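Visitor: I have the model open and some time to go through it. Can we take it piece by piece?

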Amino acid sequence: MSADDRLKAHIRAHGPLTVAQYMAWRLHDPHDGYYAARPALGEDGDFITAPLVSQMFGELIGLWAVQAWRGLGRPAAFALVEAGPGDGTLMSDMLRAARLDPAFLAAADLWLVETSPVLRQAQGARLSGGPLVPRWADSLEDLPGERPILLVANELLDCLPARQFVRTERGWAERMVGLDADDALTFGMAARPAGPDAPFAQPGDVVEVSPAQEAFAQALGARIARQGGVALLIDYGRDRPEAGDTLQALRRHQKVSPLEAGADLTVHADFPAVAAAAEAGGAKASAILPQGELLARLGLFERADALAKARPDRADIIGRQLARLTAPEQMGTLFKALAIHASQGPVPPGFEEHR
């Protein structure tokens, strides 16, 4: 039975799915889910992430982690965690940069939060022979609970499912995925007696709410409040409450219908809601920064200049990589960064109010 046949059979038996339920099915179903069966990253895949654009990204994040660890007082044992580690490129680049401080590596216990068997295999291969041997966890709950945590997540929030509500003249409705008269997947709407807290919404507006993003952030905030530590979340998304349908599907770097099987489904990260959820868990959330601004604060332009001078033959490539990561019309503005830290702890590097 094909992926679509299984999904349609489920809808016939149980009724239409919310957009969040549909995303969870398409992405994380153990039989047919995109991440469980056929994730395709990189230039030859369906999408490319910042670590795959340039190793400079991962190296800076690695140095950020070292500096954050020092700010925590150099704990003798801590959990270095990446949630949603992709193919392992980001952590590989981070660890290479972190070799500059052997004490950091000696104190670190490496954990990868990943549910996909295919990606776990890729991560293990990428990190083989590195300075730290990874262990895997299915969720934050499976991480060790007796030491500080230093967590990085790049493009994780966008694949956590969101519900979509539509403001109508008569009140709220929820966007659903069901079957039409020809037994094809289709979007529809179901009336809802109550909707999201969105006073800015006008009739016709779509408002997205992601309980999954908020649950992740609250659990992370509670863990940091309890154990100490810091987290860095980077993703594309919004930095203020606003309406908008951001559900999209990508295949071979091209947008396709979200109702097609075999594509990567994403929504924008709701950073204001994520920050509020982390603080509800007991931690402190930083200001929300554009990715380009954070990378500039961390020294990306200086790093790119040094690399270009050392390798003049690659100067053009390095310049294109720099623009891809920081230019407003590329990843620099659409992508945002948020740090979460203990309420009494230091503000993480790059997020200080005065620099």
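Visitor: Which residues of H5 are buried?
Guide: A word first: this is a predicted model. In H5, the buried ones are Met56, Phe57, Gly58, Glu59, Leu60, Ile61, Gly62, Trp64, Ala65, Val66, Ala68 and Trp69. That is twelve of its 17 residues, and the helix is mostly covered.

Visitor: Where does H5 run, and what is its reach from first C-alpha to last?
Guide: H5 covers residues 55-71. From its first C-alpha to its last it reaches 24 Å, close to the 24 Å expected at 1.5 Å a residue.

Visitor: What caps the N-terminal end?
Guide: Ser54 does. One of its side-chain oxygens lies 3.0 Å from the backbone nitrogen of Met56.

Visitor: And what follows the helix?
Guide: Gly73 follows H5, with a positive phi near 95°.

Visitor: Another helix, then. Is H2 enclosed or open?
Guide: H2, residues 19-28, is largely enclosed by the rest of the structure, because seven of its ten residues are buried. Those are Val19, Ala20, Tyr22, Met23, Trp25, Arg26 and Leu27.

Visitor: Let's switch to strands. How many residues of E7 are buried?
Guide: Eight of the nine. E7 spans residues 171-179, and with that much buried it is largely enclosed by the rest of the structure.

Visitor: Which way do E1 and E7 pair?
Guide: Antiparallel, over two bridges. E1 is residues 17-18. The bridge partner of Thr18 in E7 is Met176.

Visitor: What about E6 and E7, how many bridges there?
Guide: Four, and the two strands run antiparallel. E6 covers residues 163-168. Together E6 and E7 make a hairpin with two residues between them. Phe165 stands opposite Glu174 of E7.

Visitor: And how many bridges between E7 and E8?
Guide: Eight, again in the antiparallel sense. E8 is residues 185-192. Glu174 comes up here as well, standing opposite Ala190 in E8.

Visitor: What sits between those two strands?
Guide: Five residues separate E7 and E8 in their hairpin. Asp183 there takes a positive phi near 65°.

Visitor: There is another sheet, with E11 in it. What is the strand order?
Guide: E12-E11-E13, in an open sheet of three strands with antiparallel pairing. The edge strands are E12 (254-256) and E13 (264-266), each pairing on one side only. Neighbouring strands are turned by 40° against each other on average, direction ignored.

Visitor: What joins E11 to E12?
Guide: Three bridges, with E11 at residues 248-251. Arg251 has Gln254 in E12 as its bridge partner.

Visitor: New topic: the core. Which residues have the most contacts inside the largest one?
Guide: Leu151, Phe216, Leu220, Leu233 and Ile340. That nonpolar core has 52 residues. There is also a second, separate core of 47 residues, which includes Val53, Leu80, Ile234 and Phe351.

Visitor: What is Ile340 in contact with, leaving aside neighbours within four places in sequence?
Guide: Leu220, Gly221, Ile224, Gly229, Val230, Ala231, Leu233, Ala278, Ala283 and Lys284.

Visitor: What does Ala153 touch beyond four places in sequence?
Guide: Ala83, Leu232, Leu233 and Ile234.

Visitor: Last one. Where is Ser210?
Guide: Ser210 is in the loop between strand E9 (206-209) and helix H9 (211-227). It is buried, with a relative accessible area of 5%.

Visitor: What lies 2.7 Å from a polar atom of its side chain?
Guide: The backbone oxygen of Pro161. Leaving aside neighbours within four places in sequence, Ser210 is in contact with Leu160, Pro161 and Ala162.

Note on methods:
Residues are numbered from 1 along each chain as its sequence is written. This is a predicted model: local features need pLDDT of at least 70, side-chain atom pairs count only at pLDDT 80 or more; totals for chains, interfaces and linings use all residues. Side-chain values use heavy atoms; hydrogens and water are left out. Buried means under 20% relative accessible area, exposed over 50%, partly exposed in between (1.4 Å probe, protein chains only). A polar contact is a pair of N or O atoms within 3.5 Å; within protein, one must be able to donate a hydrogen and the other to accept it, and residues adjacent in sequence count only if both atoms are side-chain atoms. Contact means heavy atoms within 4.5 Å. The expected span of a helix is 1.5 Å times one less than its number of residues. Two strands pair if DSSP finds at least two bridges between them. Axes are lines fitted to C-alpha atoms, for helices over the stretch in contact, and angles run from 0 to 180 degrees between N-to-C directions. A nonpolar core is a set of buried Ala, Val, Leu, Ile, Met, Phe, Trp, Tyr and Cys residues joined through side-chain atoms within 4.5 Å.
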